[in-house]
Amino acid sequence: MTLFFSLKDSSLGHVLVAQSPLGVLAVMLDDKTEPLVLELQNHFPQAQLVAADRDQERIASEVISLIEDPYIQPTLPLDIHGTPFQLQVWRALQNIPPGKTVSYNEIAQQIDSPRAVRAVANACAANKLAVIIPCHRVIRSDGSLGGYRWGMERKQKMLEIEHHRACLLYTSPSPRDRG
């Protein structure tokens with residue numbers, strides 16, 4: 001299997017976007033680029049890693065746009081790999097709107113597995129598509145952040161970006177009010 005990858009900078013640090021011929025299969029975040037490439041190699045040891053071409057770079061730039069403006073509706077082709085349970089959790093996560101959070105317990109309830117709260121947390125931790133599958137929007141029932149595969153500071157920053165943007169969206173006067 002051939003995987004194409006791009007390394008980009010964002011307000012969250014370095015971002016690696018990996019794509020198969022079917023679509024984006026990994027979006028990873030770190031403060032350094034080397035660990036990102038090593039992690040990609042570890043997850044896909046049989047893959048040949050190739051630098052992205054122009055079209056793949058365009059898709060990687062769209063991922064960066066999602067980081068900077070989480071209210072953009074993603075239309076990226078995805079190549080998602082996981083267990084049936086993980087896929088079910090990840091679909092539920094994709095329905096959480098920007099600026100909102102839900103608890104691990106609420107996700108377990110939504111997918112009709114109310115006793116699987118820990119399994120939901122594990123599915124979030126196994127998510128390889130940061131930002132696209134917004135596991136950063138899942139928090140503990142007590143309101144604390146819980147964990148985040150890409151670091152708690154990033155999770156906090158992503159939620160702050162979304163909250164700030166939501167405040168701007170809901171407090172901006174409409175064109176009718178300006179006139």
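Let's start at D112, in the loop between α4 and α5. Helices here are DSSP runs of H or I of at least four residues, strands are E runs of at least two, and both are numbered from the N terminus. D112 has phi near 60°, a positive value in a residue other than glycine. Is D112 buried or exposed? D112 counts as exposed, at 68% relative accessibility. Cut-offs: buried is under 20% relative accessible area, exposed is over 50%, and partly exposed is in between, with a 1.4 Å probe and protein chains only.

Before going on, the ground rules. This is a predicted model: local features need pLDDT of at least 70, side-chain atom pairs count only at pLDDT 80 or more, and totals for chains, interfaces and linings use all residues. Residues are numbered from 1 along each chain as its sequence is written, and side-chain values use heavy atoms, with hydrogens and water left out.

V131 is not a glycine either, and its phi is about 75°. V131 sits in the loop between α5 and β6.

R137 is buried, with a relative accessible area of 7%. What is R137 in contact with, leaving aside neighbours within four places in sequence? The list is P70, I96, P97, P98, K100, T101, V102, L159 and E162. Contact means heavy atoms within 4.5 Å.

Next, the whole chain. The protein chain has 7 helices and 6 strands. In sequence order the pattern is β-β-β-α-β-α-α-β-α-α-β-α-α. The radius of gyration is 17 Å, close to the 16 Å from the globule rule for 179 residues, so the chain is as compact as a globular protein of that length. That radius is taken over C-alpha atoms, and the rule is 2.2 Å times the number of residues to the power 0.38. The C-alpha trace spans about 55 × 50 × 25 Å along its principal axes. Of the 179 residues, 42% count as buried. Take the contacts with a separation of 6 or more: 58% of them come from residues 24 or more positions apart.

On to the core. The largest nonpolar core has 47 residues, and L40, L93 and I107 touch the most other members. Such a core is a set of buried Ala, Val, Leu, Ile, Met, Phe, Trp, Tyr and Cys residues joined through side-chain atoms within 4.5 Å. Several elements supply at least two residues each, among them β1 (2–10), β2 (13–20), β3 (23–30), α1 (33–43) and α2 (54–68). Which residues does L40 touch, not counting those up to four places away in sequence? L3, F5, L16, A18, A26, M28 and L49. As background, nonpolar side chains tend to be buried together in soluble globular proteins.

Two more sites. G13 lies in strand β2. Beyond neighbours within four places, G13 is in contact with K8 and D30.

Then Q46, in the loop between α1 and β4 (48–51). Q46 counts as exposed, at 72% relative accessibility. Q46 and R149 are 103 residues apart in sequence and 23 Å apart in space, C-alpha to C-alpha.
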